[in-house]
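Here are a few notes for anyone opening this entry for the first time. Have a look at the model, then read on.

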Amino acid sequence: MIAPSILSADFARLGEEAAAVAGPPGEGADWLHVDVMDAHFVPNLTLGLPVVQSLRAATDIPLDCHLMIEDPDRWAVGYAEAGAHNVTVHVEAAADPVRIARDIRAAGAKAGLSIKPGTPLDPYVEVLRHYDTLLVMSVEPGFGGQSFIPDVLDKARQARRLVDTGHLTLVVEIDGGINADTIEAAAEAGVDCFVAGSAVYGAEDPGRAVRALREQAAN
Ligand code: DX5
Ligand code: ZN
């Protein structure tokens, strides 16, 4: 799956930017990745619920909301209620990640758990039983256009093994620095879903960039 990140899109034209990556299954974006930042958990501020609500009405692409915020215990369920397909919270910020997953699912969305590059996976394997997606960060969260951190591929491999051996049922998603140079290594590590911001919206034709990344990941 390919999930273009609108962090690198033109925020004044979000509806058009979503349309630019839409397309039939297997061709257009599978998910539209929406980076919510609060200037506390990360040193950047982006968008919140009203924008997600508007986007939900503007596109049929399932919204993959990545909450880089403090106190996700309080805010996550609102994004599920706003119609997000997937609501992902950071384990470093969550007080009760099992309860958050239950709340997100009860509100009708899939639950995602994200881990920063320096956060190990082992302590959270049991918690991940309650989740649908693991979002492995391959840059420090906060900004688009950063360089891929190859060390995180070990965690992607570890997650792949846990899924393939039946210990967990998860979509393994990776976020940060995914482009033509890095997507193949991530695919080899067993990643299912690739977030790409600058590689898609920095391209002249974002739709074509999505198709090219998908082809490379499948190689
Ligand atoms: C970073 C965000 C990413 C960002 C990725 O904190 O979570 O989703 O948009 O951008 P690129 O693909 O440019 O690294
Ligand atoms: Zn993200």
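The points below cover the ligand shell and two annotated residues.

1. First, the ground rules: this is a predicted model, where local features need pLDDT of at least 70, side-chain atom pairs count only at pLDDT 80 or more, and totals for chains, interfaces and linings use all residues. Residues are numbered from 1 along each chain as its sequence is written, while chains are lettered from A and ligands numbered from 1 in the order in which they are written.

2. Start with ligand 1, which has 22 residues around it, the closest being Ser5, Leu7, Gly144, Gly197 and Ser198. A residue belongs here if its C-beta atom, placed from the backbone, lies within 6 Å of the molecule. Strand E2 (32-37), strand E8 (193-196) and helix H7 (198-201) each give two or more residues to this shell. Helices (H or I, at least four residues) and strands (E, at least two) are DSSP runs, numbered from the N terminus.

3. Which residues carry the "active site" label? The unreviewed UniProt entry puts it on Asp35 and Asp175, though such annotations may be inferred rather than shown by experiment. They are spread over 141 residues of sequence, yet cluster in space, with a largest C-alpha distance of 10.6 Å.

4. Asp35 is in strand E2. It counts as buried because it has 24 C-beta neighbours inside 10 Å; the cut-off for buried is 20 or more other C-beta atoms within 10 Å, with C-beta atoms placed from the backbone.

5. Asp175 sits in strand E7 (residues 171-175), and is buried too, with 25 C-beta neighbours inside 10 Å.

Conventions: Buried ≥ 20, exposed ≤ 12 C-beta atoms within 10 Å, placed from the backbone.
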